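Open the model in your viewer and keep the selection tool ready. The tour visits helix packing, then aromatic rings.

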Amino acid sequence: MQDTTLRLIVLIGYLLFLMGVGLYQGSKAKSSADYNMGGRNIPGWAAALSERATAESAWCLVGFPGFAYSAGLVTIWTALGLALGNIIAWTAIAKRMRKEAERYDAQTYVDWIAKRHNKSKAATVVRLVGSFIIIFMFAFYVEAQIIGGGKTLNALFGLNPTTGILLTMAIIVPYTVWGGFQSVVYTDCIQSIIMIFTLVIVPIIGIIYIANAPAGTVYAHSIVEALKISGPTYSNWSYGLKGILAGMAIASEFAWIIAYLGGLPHLTVRFMSIRDDKQYKIGRNIACIWTVVGYTGAVLIGLVGLAIFGPGAFSDAELIMPTVCLTVLPPFLAALCVTGAIAAMISTADSMLIVTSSEFCENILKPAILKGKSIEPKKELFISRCVTVVVGLAATVLPFIIPSNMIHNIVSFAWAGMGNPFAVVTCCTLFWDKYTGKAAVWTMVVGFLGTVLWQISPMNAYLNSRLVGVIPALIAAYVATKLTYKTDGHDAVEITAN
């Protein structure tokens, strides 16, 4: 009872502090530009911490340790793909995206694509198709975050999922609606710090715990021993497969790298919001270090859980992170670290809400519904907030409409369906001066449909859509560009220098 009370105090204190920061930062939003992208005046350190918190979400603190616990060493390929992808994004894409947003006065990711191809006959279609894909795939992504919060609250207090969902969204929606991007970024910074603290401290204390545990109280006294006695699949680098099947398995896990190459609008918008090149360098360094440390910690938490409890100890492997925390840490520290999982979920869910709202307002509401009519800044800000309310309410009911309990699978689906087409669109737009607006539309449509169709096919079990889905997107980009370069209104802008 005392432990439960302590956890409750820590959680309530954290959430109240978080809401206070969000509402304070939200008071600085005076226009839709502030609401959508913080006026493109975000310090590098804040953009980096926000991007890391948003990217890792419940996936890194709940889903990924659960994957490591149930799969063993093969998880390292996923971690390597994710870490390398983020490092490439920050070193090769982020600076270009910052300059592009400034040059075209872009308010959202899709707004940038449309303005970059503003001479194309397909500029309006770019807005509609791009926004549809983002809104559709974010539905699954937000669901994963809400489920993650429900699992963590269940581990802390035994709350049923419905209560956990309503409590979580009651915290997220108010400050997101009020402050938009500005609120989201600075609350993300707090959450990012708690997350990285958790990903560092839990593996260290966990390894010490299993090494010094009395005989018979843990499954193994080291991670190496746990992997060895858990069976050959846990200590194997390719799910126990050999030859071409092993290569396919490794490639499927490593393919998480693709979406990071400009394919995740909720991350790309962080690059676009950075104040200047000096701040970009600060953000790049922080983000790259965070990434390496964070994913190392996530893998180790899952493997520490394997050493403590042994394989198959949980009907839901994604409960491993909160359970390890509550097992190896003192009560206050455990409550703080498990709160980190809730922080991870909140940091992505609030970002999804604001990006969805911004994309809808900038690319569907204004051009297609309001027909480009000018609106007073205060009225425009009010409309943006109203849209965010609607999106937040819709997100609250998603877990009841689209039932699922595996965060890893949901994130994988959303990651591929959104990441494959947008990664190709971003890279082609940035690095290929012949790429056209019509080609961007075909890239998005073919890449999205190809990824989703492969993902629901039996072949996905052998070669994941995270890898396969990028192929139709690349083919569509090349063929459509060759067919439309001379006829589509091409904006021959000099490629942004790094």
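Axes here are lines fitted to C-alpha atoms, for helices over the stretch in contact, and angles run from 0 to 180 degrees between N-to-C directions. Helices (H or I, at least four residues) are DSSP runs, numbered from the N terminus. The model is predicted: local features need pLDDT of at least 70, side-chain atom pairs count only at pLDDT 80 or more, and totals for chains, interfaces and linings use all residues. Residues are numbered from 1 along each chain as its sequence is written, and side-chain values use heavy atoms, with hydrogens and water left out.

**Stop one: H4 and H10**

Select residues 75-104, helix H4, and residues 243-254, helix H10. The two pack at an angle of about 40°, with axes 7 Å apart. H4 and H10 are therefore oblique to each other (under 35 degrees is roughly parallel, over 145 roughly antiparallel, 65 to 115 roughly perpendicular, the rest oblique). Their crossing is right-handed: the near helix is turned clockwise from the far one by less than a right angle.

Now show side chains. Trp 77, Thr 78, Leu 80, Gly 81 and Leu 84 of H4 meet Ile 250, Glu 253 and Phe 254 of H10 (contact means heavy atoms within 4.5 Å). By class, this contact of H4 with H10 has five nonpolar, two polar and one charged residues. Ala, Val, Leu, Ile, Met, Phe, Trp, Tyr, Cys and Pro count as nonpolar, Asp, Glu, Lys and Arg as charged, and the others, Gly among them, as polar.

**Stop two: H17 and H19**

Move to H17 (residues 437-455) and H19 (residues 470-484). How far apart are their axes? The distance is 8 Å, at an angle of about 155°. H17 and H19 are therefore roughly antiparallel. H17 passes H19 in a right-handed crossing.

**Stop three: aromatic rings**

The structure holds 15 aromatic pairs. Rings of Phe, Tyr and Trp (its six-membered ring) pair if their centres lie within 6.5 Å; planes under 30 degrees apart are stacked, over 60 edge-to-face, the rest tilted.

Select Phe 64 and Tyr 295: ring centres are 5.4 Å apart and planes at 85°, so the pair is edge-to-face. This pair links distant parts of the chain, with Phe 64 in helix H3 and Tyr 295 in helix H12, 231 residues apart. Phe 64, at 0% relative accessibility, counts as buried (under 20% relative accessible area; exposed is over 50%, partly exposed in between; 1.4 Å probe, protein chains only).
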